[in-house]
Amino acid sequence: MGKEAGPNGLIVKQRSGLACGNSSFHLSDRDRKALTMRFHGTFIFCRCLSRLPKRFDSQSEFPHPDFRRQAPFFLRSYSSGIPLFNLFMYSEAQAQLSPELLNIMEKRLSAIEYRTACLNKFLNQPEASPSEYAKANKELRKLSGSVDLINELRTKQKEIDGLKSLMAESSEDKDMLNMAIEEMGQAIEEERRLQNLLLKSLLPKDDADERDCILEVRAGTGGEEASLFAMDIFRMYEKYALKKGWKFEVVDIAQSDLKGYKEASSAIAGVGVFGKLKFESGIHRVQRVPVTEKLGRVHTSAVSVAILPQADAVDVQLKNEDVRIDTYRSGGSGGQHANTTNSAVRVTHIPTGIMIAIQDERSQHMNKAKALKVLCAKLYEMERLRLHRSRSKLRSEQIGSGDRSERIRTYNFPQGRVTDHRVGITYHSVDDVMQGENLDVFIDALLLQEEMDAIATFSSSQ
Amino acid sequence: MNLSLSGVYRPHSLPKLLTYSSFSTLCRPFCYSALSSSPTCVKPQVPLFLRPPIYSTKLCDLKKWHDWGKGVALSIGSTFVQSDDGPDSSMLCRELKWLMEDAVVDHSLGVEDDDRVKMRIGIEGLYCLWKQRVQERRPFQYVVGCEHWRDLVLSVQEGVLIPRPETELVVDFVADVVSENEDLRSGVWADLGTGSGALAIGIGRVLGSERGRVIATDLSPVAVSVATYNVQRYCLQDKIDLREGSWFEPLKDMEGKLAGLVSNPPYIPSKDISGLQAEVGRHEPRVALDGGIDGMQALLHLCDGAVLMMKPGGFLAFETNGEQQSRALVDYMKNHRSGSFCNLEIRADFAGIQRFVIGFHQ
């Protein structure tokens, strides 16, 4: 898979295979092609959905993508240089998963069917206690989506078997044979569609994707210039958030001498915010001529970005006795003695020592609320990272593993391009990106990569 | 107290939170207790951030004002801090920013210097306000006409005590108690010496949409007027009853019936009044601060009244001058009113001062 420049000057370089740790599992080229086709299709389709809500208002429309009509419109806007897309555009068939993957999936499906049968049997017993009953019901509900699909798949597979025998029997009758062949084609198509949907439903999902997030931007190496770029990056996310219709609320800003941001944080709220922004965590590198530079030399600076999913006290099991809240205490007695507009609050989490200080809201209560919000997000993130590291080595090497010191993106101003190093995508307009446009180019590719990693994990865990 | 439209409210200056239906209730007289003193008509002032944007000024002039204001703030340094524990330059700069936020309508970026910016006060008014702040030490909250307290924005003006951040905790104490006690949650609560109505509104919101009600009293007609305005802004006029009068006097019909009693009464010893920070001593109402010789005059009176007025199991919370007063108050309640109260506790504020006495009536 080589490089090709599309009409927008977009260069895409595919990662070559996934070698992972001790496992000898390796996605075959055929699987990769199939998956890429399928997932690109799904991606384009999801983008169709999000951009054309009026055209798809009923659930039943979902399972029947008609890429002949929609796909070309979106494919042209980016990534059209990939030969795989050409393959996909002109083929109307659903991608077929490889036998190995199907085998693995089949084992999982059988396990689900077996489990469902056990649960149903259990529920039919009169001796079950109310709490056991509730637990069993809850699990059944979770599985019900997959179970419905499995049943549909089994039905379709029976239909295919029936058609096979019909075709074998009616080798003389041309009309019957043709009809059978046509129906077989449709049935196989449908079977593949169901298998794709099932695969997707079996992949591990990140619960945190639905949450709001806290954005933290910190100037790294490069002095004043880094602070100025930190401010630019912070504003880039603000514009991106506004375009998405999200709420962007500044939590804290520490300014540098030249009015750059040494550190800045904000709370971003909206649907699925964390799922979209989580890949922004890491080191963003900038190459440009700083405003302070008199000789016109290009400098390299770095800014670190952290995206934390928002959590509340319940999520992190925050206990009142674990939290100490301090306010600024003047020399005087406070209370009625003092008139103050300083309602700064410092919240300390005693077990971990994490300290958050917020001062810019106009009431103490609001400063406290904000500080607790940030504290909960940090505690939640700590727990997530701990869980993540305890998982297989395979998972921890994948995209979104949360290594904050990873250099993920370079913004080259003199050459007018932004490159994401994880997916190898370069976009040829720094200004557009800094205005909050086109971040989706990177984000969508990263989401795709994440799905592919998830499939690798799924396959290797059998 | 009758409010006639023309006398008090110009239609376009109505607070945004008032809907048309509550607009009409303004014309009806409020149901004050017949025992209250003769009604005085006091106009509550509209906070700056709610005033209509009928002024405009050029952006360059606004910037000039801001630079001047900042210069004045920076020149103060720590002189106020040293003289009477007043604000320092950084606090004043932040207040200047908030003053501008309240005064200016549109904070959009990319406006040219010559463009006009919509404002809720004339530019001369802004100069005047900031001079008052720095030269006369007029409290910031009076300057902008409001105070952000808990998750509320309350109108305040001269004659009304500015709600303190410490007092925010009293609402949390009430919330904790009623979360486990349906009986208290649907009872009648009293906020005595309500001032701006802060505690009454805070508690009113905690009691939710069930049957709980609040009666708030204050000696000062100005306070009652401002509290009424605030209660209406938060659409709680059906839940909060405002009565003018001294402490329990307007509550004679509630003897033995109160489910809850809260108060932030004046608790500063008289001798300390003259040494107070200028913002407080020169501008806030003395009657809301002076607690007599030991500062406990009002608190003791409230304890005595609580014995009579509260129902068994009722909850009380008082704010005090801290440490010594809290202990003295608990002593009084245990020894001089023994058998009347139980589960008495002293709670600290976030600066670590033992400021609150809470407990139950037996």
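What share of the contacts in chain B with a separation of 6 or more comes from residues 24 or more positions apart? The share is 72%. A contact here means heavy atoms within 4.5 Å. The model is predicted: local features need pLDDT of at least 70, side-chain atom pairs count only at pLDDT 80 or more, and totals for chains, interfaces and linings use all residues. Residues are numbered from 1 along each chain as its sequence is written, chains are lettered from A and ligands numbered from 1 in the order in which they are written, and side-chain values use heavy atoms, with hydrogens and water left out.

Chain B holds 14 helices and 11 strands. These elements are DSSP runs numbered from the N terminus, with helices being H or I of at least four residues and strands being E of at least two. Of the 362 residues in chain B, 57% are buried. Buried means under 20% relative accessible area, exposed means over 50%, and partly exposed lies in between (1.4 Å probe, protein chains only).

Chain B is divided into two domains. Domain 1 covers 14-30 + 48-144, and domain 2 covers 149-153 + 160-361. These bounds come from an automatic or database domain assignment. The centres of the two domains, taken over C-alpha atoms, are 31 Å apart. Domain 1 of chain B gives 20 residues to the contact, and domain 2 of chain B gives 19 residues. The area buried between them is about 1600 Å², and carbon and sulfur atoms give 60% of this area. Buried area is the accessible area (1.4 Å probe) that two parts lose on being put together, summed over both.

A salt bridge is a side-chain nitrogen of Lys or Arg within 4 Å of a carboxyl oxygen of Asp or Glu. The side chains of B:R137 and B:E279 form a salt bridge, at 2.9 Å from N to O. On the side of domain 1 that touches domain 2, the elements giving two or more residues are α2 (20-25) and α7 (140-144) of chain B.

Chain B also touches chain A. The contact takes 41 residues from chain B and 26 residues from chain A. Together the chains bury about 2900 Å², with 46% of it on carbon and sulfur atoms. In chain B, the residues that lose the most area to chain A are B:R94, B:W98 and B:F350, which together make up 25% of what that side buries. The two chains share 3 salt bridges. B:R94 forms a salt bridge with A:D360, with the closest N and O atoms 3.8 Å apart. α5(B) gives the most, with 6 residues.

B:S89 lies in helix α5 of chain B. B:S89 is buried, with a relative accessible area of 11%. Its side chain reaches the backbone nitrogen of B:G77 at 2.9 Å. Leaving aside neighbours within four places in sequence, B:S89 is in contact with B:A73, B:L74, B:I76 and B:G77.

In chain A, strand β9 (residues 345-349) is mostly covered, with 4 of its 5 residues buried. Strand β8 (residues 323-327) runs antiparallel to β9(A), and 5 bridges join them. Strands pair if DSSP finds at least two bridges between them. A:D326 has A:R346 of β9(A) as its bridge partner. Strand β10 (residues 355-358) is also antiparallel to β9(A), joined by 4 bridges. Here A:R346 stands opposite A:A357. β9(A) and β10(A) form a hairpin with 5 residues between them, and A:G353 in the turn has a positive phi of about 80°.

A:S343 lies in the loop between β8 and β9 of chain A. A:S343 is buried, with a relative accessible area of 5%. Beyond its neighbours within four places in sequence, A:S343 is in contact with A:E361, A:R362, A:S363, A:Q364 and A:N367.

Technical notes: Polar contact = N/O pair within 3.5 Å; in protein donor to acceptor, adjacent residues only side chain to side chain.
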